[in-house]
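Here's a quick tour of a few local features that may be handy to have in mind before you set anything up. Have a look at the model first.

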Amino acid sequence: MPPIPSRLAPGRPDPLGATWDGLGVNFAVFSANAERIDLCLFDAAGRKEIARLPLPECTDEIWHGYLPEARPGQLYGYRAYGPYEPRQGHRFNPNKLLLDPYAKQLAGEVRWSDVLFGYRVGANRADLSFDRRDSAPAMPKAVVVDDSFAWGDDRSPCTPWDRTVIYEAHVRGLTMQRDEIPPRERGTFSALADPRVIDHLLRTGVTAIELLPIHAFLQDRFLVSKGLKNYWGYSTLAFFAPEPRYLIEQWMRNELKVAIRRLHAAGLEVILDVVYNHTCEGSEMGPTLSWRGFDNASYYRLMPGEERYLINDTGTGNTLNISHPRVLQMVMDSLRYWVTEYHVDGFRFDLGTILGREPGGFDPNGGFFDAVRQDPVLAKVKLISEPWDIGPGGYQVGNHPPGFAEWNDKYRDAIRRFWKGDAGMRAEIAARLTGSAELFDRRRRRPWASVNYISSHDGYTLHDLTTYEQRHNEANGEDNRDGHSDNQSCNWGAEGETDDPEINAIRRGVTRAMLATLFASAGTPMLQAGDEAMRTQQGNNNAYCQDNAISWFDWERANTEEAQALQRFVTRVTGLRQRLPPLRPSVFLHGGQEVAPGLSDIAWFDQHGQPMTSEAWGEPEARTLVLRRAVGDAEGPVDITLLLLNADSAPQEFTLPEPAYAWRKELDSAEPEAEVAPVEGTVTVAARSVVLLAARLEREGQ
């Protein structure tokens with residue numbers, strides 16, 4: 001690098017972050033309350049601070065300066081000067097090296113030490129004290145980057161929402177046990193793009209892969225002290241940088257772009273699970289790594305009148321202050337960056353209710369939602385919210401604005417309860433099968449707004465739902481106190497794995513019934529990675545800290561005869577969903593439209609073929625139900641499906657409702673390999689199973 005000047009040129013206040021222009025680098029960072037900010041430059045190893053240069057200008061609360069001749073690869077950090085007055089919410093400490101909130105690549109990692117804290121850890125005054133030790137040796141450094149990449153003719157698959165099938169996966173867990181992949185590449189973005197992995201996704205029938213957090217995240221101290229790891233990644237350290245552990249080498253950040261380009265070429269969309277509700281800095285007793293040191297009072301929501309303390313609506317110790325325009329800008333800039341520079345196709349927002357919190361509470365028309373919905377870049381991608389947090393009024397399923405889909409935990413719980421045989425579930429399961437219209441059919445939203453799932457990363461796997469009734473989280477080091485206690489699971493007679501053929505047959509049958517229900521439901525189906533291949537976490541329903549075989553996709557198990565049979569079944573039901581329009585209606589069906597003479601768009605029947613009455617809906621011990629749906633336009637053919645559900649412990653005879661059609665049995669979850677066959681009159685539906693019939697009504701003159 002050329003000689004470093006004694007001072008920086010003024011530079012520009014935009015864009016924020018470190019921006020290389022071919023001749024030098026512009027540095028810009030926000031702080032409303034700092035009195036001075038120094039740019040710190042480091043050698044290539046990140047060990048030696050080779051220069052400390054004050055940012056010479058501050059424009060509209062943006063501190064900025066320009067370093068001529070600087071190039072991509074330069075390592076840097078900041079030190080912020082200002083009041084250390086925790087009771088007023090200010091925690092400036094220039095002894096603490098700060099990571100740029102807009103850092104796009106990291107060098108090194110956090111090395112846990114008490115020097116990372118702005119206060120003297122263990123001192124009698126706790127966070128009111130002031131620590132003068134330099135934290136730079138324990139901190140990762142930001143890296144100046146060149147974002148250029150040869151995208152060629154890459155383009156998003158732009159899969160319509162009504163044809164979308166989401167596959168929730170973990171970058172590392174998906175490939176760590178894939179033996180055909182070179183060991184050095186397993187668990188990385190490079191492995192994600194391996195042709196064998198892509199072939200598996202295509203065979204499964206999914207259209208989008210949703211990745212658990214890939215923003216650089218912190219290995220939390222309490223986990224490191226127990227020899228565990230932050231596996232899931234919901235502890236963001238840098239909103240613009242890919243997680244270094246998912247790169248073969250830390251400088252190989254373009255691996256992710258290569259992976260996305262290959263996934264797109266295969267017709268698969270890429271959705272990122274993102275965490276903008278909190279950061280890794282924790283509560284007021286947490287370390288000073290970035291945002292806290294730049295401007296604690298701006299970046300975080302503080303307790304009114306007790307600004308020493310942070311509001312904790314997230315359960316992680318802090319809550320980002322999205323109501324602040326510069327914090328909102330950071331989130332928006334981050335989202336746009338991942339779309340424009342990495343070509344991602346959508347986002348799933350962790351604890352999304354937080355993002356809609358204004359001073360008066362959750363507001364579906366809050367600043368964040370308004371900003372995203374009008375943004376010309378972000379309004380075009382898929383947007384999914386986890387619609388709850390732990391703050392007041394935090395449960396907001398169905399209350400997000402148009403343009404957003406939402407995880408629907410009511411769907412999850414209803415499917416589990418119905419198929420384990422709970423009483424009085426007819427009306428509830430009917431609501432979930434039809435897209436939870438009572439929640440989502442407002443403001444012209446569509447059924448796809450309900451993201452339907454049986455299992456996700458948070459909780460049991462699908463296999464474990466039929467294998468365990470008690471959580472088995474001992475490996476987490478919390479005396480099995482963590483994780484959900486009410487899982488609506490059923491082990492069908494034995495806790496854990498068993499050799500009992502009758503129990504295993506029931507478990508396999510219930511698994512297929514739940515999957516058939518999922519893919520026959522209106523809304524957007526989501527499958528957890530490995531559920532198609534009997535993946536187990538050995539009863540652990542909170543594997544957030546298990547970066548090992550407990551969490552990883554077991555490809556050896558996936559090759560067993562039983563797992564292969566389940567994979568064929570999943571391929572079949574995803575294929576049926578794409579082929580049969582009534583399984584994925586693009587609008588909510590309420591029975592008010594006559595698609596053909598005597599044929600309404602949706603109708604419900606009992607197992608005797610009679611229309612459901614109010615008494616029948618309320619019958620507590622009835623565990624059978626028939627759903628008929630019909631989709632077609634005024635001139636073309638009409639596609640009709642009949643879904644027969646039997647959650648009873650005994651086989652049941654179903655009489656097909658009038659009028660009679662040329663029904664084909666497309667699927668019987670009790671006989672997953674059975675071929676398509678014509679049926680009429682009556683159908684026997686095995687215990688705890690689903691039968692799907694289909695017919696096509698041709699218009700006269702066709």
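## Ground rules

This is a predicted model, so to speak plainly about cut-offs: local features need pLDDT of at least 70, side-chain atom pairs count only at pLDDT 80 or more, and totals for chains, interfaces and linings use all residues. Residues are numbered from 1 along each chain as its sequence is written, and side-chain values use heavy atoms, with hydrogens and water left out.

Helices (H or I, at least four residues) and strands (E, at least two) are DSSP runs, numbered from the N terminus.

## Helix H9

Helix H9 covers residues 409-419, and eight of its eleven residues are buried, so the rest of the structure largely encloses it. Buried here means under 20% relative accessible area, exposed means over 50%, and partly exposed is in between (1.4 Å probe, protein chains only). The buried set is Asp409, Tyr411, Arg412, Ala414, Ile415, Arg416, Phe418 and Trp419.

After H9 comes glycine 421, which has a positive phi near 95°.

## Two helix pairs through H15

How do H13 and H15 sit against each other? The axes of H13 (residues 501-519) and H15 (residues 561-579) come within 9 Å and cross at roughly 20°. Axes are lines fitted to C-alpha atoms, for helices over the stretch in contact, and angles run from 0 to 180 degrees between N-to-C directions. H13 and H15 are therefore roughly parallel (angles under 35 degrees count as roughly parallel, over 145 as roughly antiparallel, 65 to 115 as roughly perpendicular and the rest as oblique). On the H13 side, the residues in contact (heavy atoms within 4.5 Å) are Arg508, Thr511, Arg512, Leu515, Ala516, Leu518 and Phe519, and they meet Glu562, Leu566, Phe569, Val570, Val573, Thr574 and Arg577 in H15.

H15 also packs with H3 (residues 195-204), this time at an angle of about 60° with the axes 8 Å apart. That makes the H3 and H15 pair oblique. His200, Arg203 and Thr204 of H3 make the contact with Gln567, Val570, Thr571 and Thr574 of H15.

## Two strand residues

Arginine 348 is found in strand E19 (residues 346-349) and is buried, with a relative accessible area of 0%. Its side chain makes polar contacts with the side chains of aspartate 350 at 3.5 Å and glutamate 386 at 3.1 Å. A polar contact is a pair of N or O atoms within 3.5 Å; within protein, one must be able to donate a hydrogen and the other to accept it, and residues adjacent in sequence count only if both atoms are side-chain atoms.

Cysteine 58 lies in strand E5 (residues 57-59) and counts as partly exposed at 36% relative accessibility. Leaving aside neighbours within four places in sequence, cysteine 58 is in contact with Trp63 and His64.

Two cis peptide bonds are worth a look: aspartate 14 to proline 15, with omega about -5°, and glutamate 658 to proline 659, with omega near -5°. Proline 659 lies in the loop between strand E31 (652-655) and strand E32 (664-668).

Cysteine 158 has a positive phi of about 50° although it is not a glycine, and it counts as exposed at 57% relative accessibility. Tryptophan 492 has a positive phi near 60°, but tryptophan 492 counts as buried at 15%.
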